[in-house]
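Please open the model in your viewer and keep the selection panel at hand. The tour goes from one selection to the next and says what is there.

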Amino acid sequence: MDHLSSLENKSIYIIREAYYRFKNIAMLWSIGKDSTTMLWLCRKAFFGEIPFPMIHIDTGFKFPKMYEFRDEYARKWGLNLIVGRNEEAIKAGIRCDNVQKLLCCIELKTNALKQIIAK
């Protein structure tokens, strides 16, 4: 077995163990390369049927093609996709720019995730 296959097998083992040992798990899917790789490994670990939800924290500032990709693959792969948005912060005009970068992360990412966890 080559090195990459060994790493993949270890990753799949860890994913399965986490699922069987912990209650109410979910995985964050930012639609980036790292989390999409993790999603792919989860699909392999559970033979294409992931038994826990994927969470996408939506700031509203992604490229339209990213949303299309997310929705298409969530549908194709039968994902239980939970999209979290801090609607109050978005309505208040919080934006991701250099002036409000920290506030953006707190309100549009961290607090949106806290809201999903609370549900």
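Begin with the three strands, which form an open sheet in the order S1-S2-S3 with parallel pairing; strands here are DSSP runs of E with at least two residues, helices are runs of H or I with at least four, both numbered from the N terminus, and two strands pair if DSSP finds at least two bridges between them. This is a predicted model, in which local features need pLDDT of at least 70 and side-chain atom pairs count only at pLDDT 80 or more, while totals for chains, interfaces and linings use all residues. Residues are numbered from 1 along each chain as its sequence is written, and side-chain values use heavy atoms, with hydrogens and water left out.

Select S1 (27–28) and S3 (81–84) next: these are the edge strands, each pairing on one side only. Strand S2 (residues 54–57) pairs with S3 in the parallel sense over four bridges, and Met 54 has Leu 81 as its bridge partner in S3.

**The aromatic rings**

Now turn to the rings of Phe, Tyr and Trp (its six-membered ring), which pair if their centres lie within 6.5 Å, with planes under 30 degrees apart counted as stacked, over 60 as edge-to-face and the rest as tilted; the structure holds eight aromatic pairs. Select Phe 69 and Tyr 73, whose ring centres are 4.7 Å apart and whose planes lie at 40°, so the pair is tilted.
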